[in-house]
Amino acid sequence: MALCLCQVTLGVQGQVFDVPHLQDAPTRTLFVGVQNPKALVLLFPGGGGLLHLKDDGSTRNQHTFIRSLDQWAQYQIDATLVDTPYDLGDLRRGDRRNEEDHLKRVGEVVDFYKTKTGLPIWIFGHSMGTSTATYFVNQLNEDSKKLSGIVIAGTVRTASINDEVSLPVEAIHHLQDQCGGTPLSASKDIVAGRPKNYISQLEIVEGGITEGNVCDSFGYHGFNQTEPELVKRAAQFILTQK
């Protein structure tokens, strides 16, 4: 169900879609479309995953994906923020992103946007969102097979991708990420461990600034002031895949 056509950032309009989920609360998403799109990226933020998207598409959350939501359009890629109706935890409080209910919701979102747009669908997780992305593709079920590829950034140290997953994989990490739960080695190991006949790529970003907690999205971990580079690296990889 579409709720509104709303102003997301200056000059960018988004639309809120609630993706039904059994008899429970739907999964709220914020869709920003472009003319003549070539692909669609589903954005799963870190932390507990809660964006608290309102009916008008607004949120107080300042995650990396929200700060850069308007930057996908220049690459002719539709972007969709994916919210959650409940806290998905983290490494300290317990990661709930491997639970059946959450992964079912991800599958419903993938199916909704595949049906709606007919575009290649990519899943992109940042920080704890990389846990969602990797758990989902590792299922190797009908929903995960609707994806065209996976991008992970600021990869959490517990994430892994099974060898049976043949999707193109890109891992992006900030060189100076100092968060203990997301070491640079987490991204390096995933790419290095992929079968050699699969498409895999590691991208290292430098620059920007760090502010506050090193594990928050305004640290190097969150690509603070390098958001355009983060989106550029991901978009270029997506667009070069068939």
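Predicted model: local features only at pLDDT ≥ 70, side-chain atom pairs only at ≥ 80, totals over all residues.
Me: Thanks! Which residues do ring pairs link into a cluster?
Reply: Phe17, Phe31, Phe112 and Tyr113 are joined that way.

Me: And how many aromatic pairs are there in the whole structure?
Reply: A search turns up eight. Take phenylalanine 17 and tyrosine 113: their ring centres are 6.3 Å apart and the planes stand at 90°, so this pair is edge-to-face.

Me: Where in the chain do those two sit?
Reply: In distant parts of it: phenylalanine 17 belongs to strand 2 (residues 12-21) and tyrosine 113 to helix 2 (residues 100-117), 96 residues apart.

Me: Are phenylalanine 17 and tyrosine 113 buried or exposed?
Reply: Both are buried.

Me: Nice. Which charged end sits over the ring of phenylalanine 31?
Reply: That of lysine 116, 5.5 Å from the ring centre. Elsewhere, the charged end of arginine 67 sits over the ring of phenylalanine 218, 4.3 Å from its centre.

Me: New topic: where does threonine 155 lie?
Reply: You'll find threonine 155 in the loop between strand 7 (147-153) and strand 8 (169-174).

Me: Why does threonine 155 count as buried?
Reply: Because its relative accessibility is 0%, and buried means under 20%.

Me: What does its side chain make a polar contact with?
Reply: The side chain of serine 187, at 2.7 Å. Leaving out residues up to four places away in sequence, threonine 155 also touches others, among them Thr130, His173, Pro183 and Ile190.

Note on methods: Residues numbered from 1 in each chain as written. Heavy atoms only, no water. Phe/Tyr/Trp six-rings, centres within 6.5 Å; stacked < 30°, edge-to-face > 60°. Helix = DSSP H or I, 4+ residues; strand = E, 2+ residues; numbered from the N terminus. Buried < 20%, exposed > 50% of the residue type's maximum accessible area, 1.4 Å probe, protein only. Lys NZ or Arg CZ within 6 Å of the ring centre and 35° of its normal. Polar contact = N/O pair within 3.5 Å; in protein donor to acceptor, adjacent residues only side chain to side chain. Contact = heavy atoms within 4.5 Å.
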